[in-house]
Amino acid sequence: MHPQKGEKSAKPKSAKGASTKGKNWSTAEDLVLIQAWANTSLDAVTGTDQNSSTYWGRISDHYDAHKKPSWPERGSNGLTCRYNVISALTSKFCACIQQILNRNCSGMTLSDKERDAHRMYIELDEKKKPFTLMHCYIEFEMYPKWQTRPLPQKKQKKTSDASPGTTSNDEDFSACTDALEEELRPPGTKHDKNERLRKGKTSESNDSGCKLSLESVWAQKIEKDDIKEATKIARYARAFELQEKQIALQEKEDARKQFELDEKIMLMDTSHMSDAQKQFYKNKQDEIIARCQNTSG
């Protein structure tokens, strides 16, 4: 049946021009978007001095290059809007976690703190919605902007018992080297020198004494150089020892952070998550278990 005069025939929309508005983002899409942001923003060469259009164009290019063909097409505006949502909600959750850490309640496990942070997030949310972007928070947590940490403890007094890395290290180190120099100096050297100078002055006044021989002056110089060299070697050895302790402490701190992150993932409640999110945490948990088995083996 042909359309009557004055009527317009409906033209089907092409699949290529179909809108993706309203289509939910998957966990995998969120992670690729965050990686695209990190690759563009943290690039030391191209991460600065670029306008908004260029900036989000680079993010869009990186996202398109790493997304799966089956995923919906996301334009630059869509990526911008989604990233802004993720960033705002994740920052809000980070603030909740930081407040819980600042309380410094004794006896609370990492799981307890995370549970309280989720409760606080819901209480602060106008629509009382839970935080459902834990996969984004875990990915973001490696970057300084989203890192949370307990409040620093009170500054310790400068004592000789202070741990490596405190301001007392330099004082202890200086005291050690001074004591070592005193220990290495032959007993009576300063007194003998003063005595010789006194005798020299007396002999000069009487025109009957003799000055210190060249051999004696040279011997004193060699002796002093030896003391300086021994002190220098001891100073380097002490500095190397302190550096090793600092490295060991840093490794211990890194291991603690990794353990807390692994514990957070292993204790994650996935009952309210989508199938894609559950699979994401299942893969993460399998990686943790494999890593622990390799370490223990």
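Biologist: Which element gives the largest share of the lining of the largest pocket?
Modeller: That's α8, with 11 residues. Helices are DSSP runs (H or I, at least four residues), numbered from the N terminus. This is a predicted model, where local features need pLDDT of at least 70, side-chain atom pairs count only at pLDDT 80 or more, and totals for chains, interfaces and linings use all residues. Residues are numbered from 1 along each chain as its sequence is written, and side-chain values use heavy atoms, leaving out hydrogens and water.

Biologist: What volume does the largest pocket have?
Modeller: About 870 Å³. A volume is the space filled by probe spheres set on grid points, joined across faces, edges and corners. A pocket is an open set of points on a 1 Å grid where a 1.4 Å probe fits, with protein on both sides within 12 Å along at least five of seven lines; lining residues have an atom within 4 Å of a point.

Biologist: How many residues line the largest pocket, and which lie nearest its centre?
Modeller: The lining holds 31 residues. Nearest the centre are Glu141, Lys257, Glu260, Leu261 and Lys264.

Biologist: Which elements give two or more residues to that lining?
Modeller: Here they are, for the largest pocket: α3 (76-103), α4 (110-124), α5 (134-140), α8 (214-266) and α9 (275-296).

Biologist: OK, next pocket. What volume does the second largest pocket have?
Modeller: The second largest pocket comes to about 600 Å³.

Biologist: Which residues are the closest to its centre?
Modeller: Look for Asn24, Trp25, Arg82, Val85 and Leu133. The second largest pocket is lined by 26 residues.

Biologist: Which elements give two or more residues to the lining of the second largest pocket?
Modeller: Those are α1 (27-41) and α3.

Biologist: And which element gives the largest share of the lining of the second largest pocket?
Modeller: Helix α3 does, with seven residues. Recall that α3 also gives two or more residues to the lining of the largest pocket.

Biologist: Is Thr27 buried or exposed?
Modeller: Thr27 is buried, because its relative accessible area is 5%. Buried means under 20%, exposed over 50% and partly exposed in between (1.4 Å probe, protein chains only).

Biologist: What is Thr27 in contact with?
Modeller: Leave aside its neighbours within four places in sequence. Then Thr27 is in contact with His135, Ala276, Gln277 and Phe280. Contact means heavy atoms within 4.5 Å.
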